[in-house]
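Biologist: Before we discuss the backbone and the ligand site, could you bring up the model?

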Amino acid sequence: MDGHINKKHTVAVVGAGVAGLRCASLLMGKGYDVTVFEKSRGTGGRLASVRLGELSVDLGAPWIEPVSHDFRQWLMMQGPHLSLWRPNASDFSLNKVFVDRQVWVPVPRSSMITRHLLQNINFHPSVRVAVAWPDRDGVLLRDERAVALGHFDKVVIATPAPQAAPLLDAVQRYRQKAEAVVQKPCWVLLVSLDKRPEKLANIDVVEGEHKIFARIIRDSSKPQRDGEVWVLQANDAWSSDYVNLSPETVGQVLLAGFQEWLSQTLQPTAVRVHRWLYSEACVNDEHLSLWDAESGIGACGDWLVRGGLEGAWRSGSSLAEKIMDEHA
Ligand SMILES: Cc1cc2nc3c(=O)[nH]c(=O)nc-3n(C[C@H](O)[C@H](O)[C@H](O)COP(=O)(O)OP(=O)(O)OC[C@H]3O[C@@H](n4cnc5c(N)ncnc54)[C@H](O)[C@@H]3O)c2cc1C
């Protein structure tokens, strides 16, 4: 017995982040017929990378710090897609440099982890699912123009909580759980420079208390990256206060704040601003994952278990197990 199911059950996964693709890959490995729908053009979600000129830059979670044995073991199996990074770190005072930090980074860019998880799963990018509704033929999915995407035996909603809520309409108690979750915004500025700022000559990561920033990361210091690219993440409070500013204005303010803190005028060769409307989730009530066998609809994601990226992975694993248990 290889644990494969006998009948081909169809599963649709909505969201190609870590949670959705972890769930999808486990199910596919057990013989389920899995289709993934994703509103963006590629995989990764909040572990995505984007283009900045010629370069690829990590836009979301900047690294992975495994806590549990299971997650660490799984990471080690990602082989060539992962590399250890020992950044020189400091707080915003820059008084002390910490050299003992060790984190993992996907190479050559963060979306490699989800690309690897996707493998040959049937993937539909640039499709925003708007409705998941059970009827006698299964669960019917529709996109935002109400076009039918098909019937599936099971549907996994693997989006941030605010985007999951309307998709969980058929299971009201889950919709309410999703609606209760707070996911704060996070503004991010990517800056490519012609040369490294003097004050940061030997520092790759700055974290801690600052009136604007939560973290400043030299993306180019990560293994297998090029250029002189810095990622500036605004803190929760600043991002929430200015959530509705235009990207142009935010870009100018963040760059001015960076220059003021450095006491140096910079010459960016390229900039890009991104607003994560839903960044890290505040999880009060842990569930690991949600599964309603009657409707065939479930949910996974970092909003159901603490631990950010690792939480998302655990949540996707948990939901796959619940679905597989039905056919054990
Ligand atoms: C700036 C930033 C820094 C972070 N730093 C850290 C960190 O240091 N450590 C850490 O552990 N975590 C960190 N995180 C959080 C971490 O990235 C997330 O916890 C994790 O990636 C969430 O994975 P997920 O699969 O649950 O959701 P996501 O990655 O958000 O994936 C959900 C996917 O669903 C798609 N989607 C949404 N709605 C629809 C729809 N209707 N139809 C189709 N597709 C849809 C989205 O486009 C997305 O691709 C950070 C996040 C951000 C934004």
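Biologist: In which loop is Ala146 found?

Modeller: This is a predicted model, so its local features are read with a pLDDT cut-off of at least 70. Phi of Ala146 is near 70°, a positive value in a residue other than glycine, and most residues other than glycine have a negative phi. Ala146 is found in the loop between strand S10 (138-143) and strand S11 (148-152).

Biologist: Does Gln224 count as buried or exposed?

Modeller: Gln224 is found in the loop between strand S16 (213-218) and strand S17 (229-234), and its phi is near 60°, again a positive value in a residue other than glycine. Since exposed means over 50% relative accessible area, Gln224, at 57% relative accessibility, counts as exposed.

Biologist: What share of the ligand's exposed area does the protein bury?

Modeller: A polar side-chain atom of Glu38 lies 2.6 Å from an oxygen atom of the ligand, while a backbone N or O atom of Val129 lies 2.9 Å from a ligand nitrogen atom. In the side chain of Asp302, an N or O atom is 2.7 Å from an oxygen atom of the ligand. Taken alone the ligand exposes 1,000 Å², and the share that the protein buries is 94%.

Biologist: Which helix gives the most to the shell around the ligand?

Modeller: The elements that give two or more residues to this shell are helix H1 (18-29), helix H4 (161-167) and helix H8 (308-325). With three residues, the helix that gives the most is H8.

How values were computed:
Residues numbered from 1 in each chain as written. Predicted model: local features only at pLDDT ≥ 70, side-chain atom pairs only at ≥ 80, totals over all residues. Heavy atoms only, no water. Helix = DSSP H or I, 4+ residues; strand = E, 2+ residues; numbered from the N terminus. Buried < 20%, exposed > 50% of the residue type's maximum accessible area, 1.4 Å probe, protein only. Polar contact = N/O pair within 3.5 Å; in protein donor to acceptor, adjacent residues only side chain to side chain. Areas by Shrake-Rupley, 256 points an atom, 1.4 Å probe, with all protein chains shown as cover.
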